[in-house]
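The following report describes a single protein model for computational work. Please consult the sequence and coordinates alongside the text.

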Amino acid sequence: MTDCIFCKIINQEIPSYKVYEDDKVYAFLDITQVTKGHTLLVPKEHVTDIFEYEPALAGEVFARVPKVARALEKAFPQMQGLNIINNNKELAYQSVFHSHIHLIPRYGKTDDFSIHFGNNQESYSSEEMQEIAEKIMKQVEQ
């Protein structure tokens, strides 16, 4: 991709604050620094989102997440937790369309980061839950 900002970062055409690199991934600080150490892990191969990954590439990329997570934990002993987020498509807050995984260190309840999970448990009967599960199960590639 010629106008992909992450491809340009990987190719050293745009400067970045590199955290880790190998033959499959490039990890660098997110310029927004939601919290100190906020890192993006991107595959060197351009894939738009999770829906474009081949199984081998997914295994390679996601296998690097714990390595970078442990580095963050060692670098920032005051870290109390870590959010790992992968947004896919615009509605799900993806803003750069080169797949990337956010590793966001958490330092406390007032560190200016939050996620809200609505609870819609009351909206679905047991039968509806089973129907949803079966619909998904039928689509899982073997």
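## Annotated domain

In residues 5-115, the end C-alpha atoms lie 26 Å apart, and the span is 23% helix and 23% strand. The unreviewed UniProt entry covers these residues with the annotation "domain: HIT"; UniProt positions are given in the numbering used here, feature names are shortened, and such annotations may be inferred rather than shown by experiment. Helices (H or I, at least four residues) and strands (E, at least two) are DSSP runs, numbered from the N terminus.

The model is predicted, so local features need pLDDT of at least 70 and side-chain atom pairs count only at pLDDT 80 or more, while totals for chains, interfaces and linings use all residues. Residues are numbered from 1 along each chain as its sequence is written, and side-chain values use heavy atoms, with hydrogens and water left out.

Five strands make up an open sheet with antiparallel pairing, in the order 1-2-3-5-4. Strand 1 (18-21) and strand 4 (81-85) are the edge strands, each pairing on one side only. On average, neighbouring strands of this sheet are turned by 20° against each other, direction ignored; the axes behind this angle are lines fitted to C-alpha atoms, for helices over the stretch in contact, and angles run from 0 to 180 degrees between N-to-C directions. Two strands count as paired if DSSP finds at least two bridges between them.

Strand 2 and strand 3 are joined in the antiparallel sense by five bridges, and leucine 29 has threonine 39 of strand 3 as its bridge partner. Strand 3 (residues 39-43) is also antiparallel to strand 5 (residues 101-106), with three bridges between them. Here leucine 41 stands opposite isoleucine 101 of strand 5.

## Burial of strand 3

Which way do the residues of strand 3 point? Thr39, Leu41 and Pro43 point one way, Leu40 and Val42 point the other way, and all are buried. Strand 3 is thus described as mostly covered, with five of its five residues buried. Buried means under 20% relative accessible area, exposed means over 50%, and partly exposed lies in between (1.4 Å probe, protein chains only).

## Salt bridges

The structure holds seven salt bridges, each defined as a side-chain nitrogen of Lys or Arg within 4 Å of a carboxyl oxygen of Asp or Glu. One of them links lysine 18 to glutamate 21, with the closest N and O atoms 3.0 Å apart. Lysine 18 is partly exposed because its relative accessible area is 49%, and glutamate 21 is partly exposed at 32%.

Another salt bridge joins lysine 89 to aspartate 49, with a closest N and O separation of 3.4 Å. Lysine 89 lies in the loop between strand 4 and strand 5, and aspartate 49 in the loop between strand 3 and helix 2 (55-63), so the pair ties together parts that are 40 residues apart in sequence. Aspartate 49 counts as buried because its relative accessibility is 4%, whereas lysine 89, at 46%, counts as partly exposed.

Arginine 64 and glutamate 60 form a further salt bridge, the closest N and O atoms being 2.7 Å apart. At 12% relative accessibility arginine 64 counts as buried, while glutamate 60, at 31%, counts as partly exposed. Asp22, Asp23, Glu60 and Arg64 are linked in a network of salt bridges.

## Positive phi in two loops

Most residues other than glycine have a negative phi. Glutamine 33, a residue other than glycine, has a positive phi near 45°. Glutamine 33 is placed in the loop between strand 2 (25-29) and strand 3, and it counts as partly exposed at 28% relative accessibility.

Lysine 89, the residue that forms a salt bridge with aspartate 49, also is not a glycine and has a positive phi of about 80°.

## Nonpolar surface patch

Tyr124, Met129, Ile132, Ile136 and Val140 form a nonpolar patch on the surface, with about 480 Å² of accessible area together. Patches are made of residues with over 30% relative accessible area and no salt bridge; like charges are joined within 9 Å, and nonpolar side chains (Val, Leu, Ile, Met, Phe, Trp, Tyr) within 5 Å. Accessible areas come from the Shrake-Rupley method with a 1.4 Å probe, and for residues only the protein chains shown count as cover.

Where in the chain is valine 140 found? Valine 140 is in the segment after helix 4 (126-137). It counts as partly exposed because its relative accessibility is 47%.
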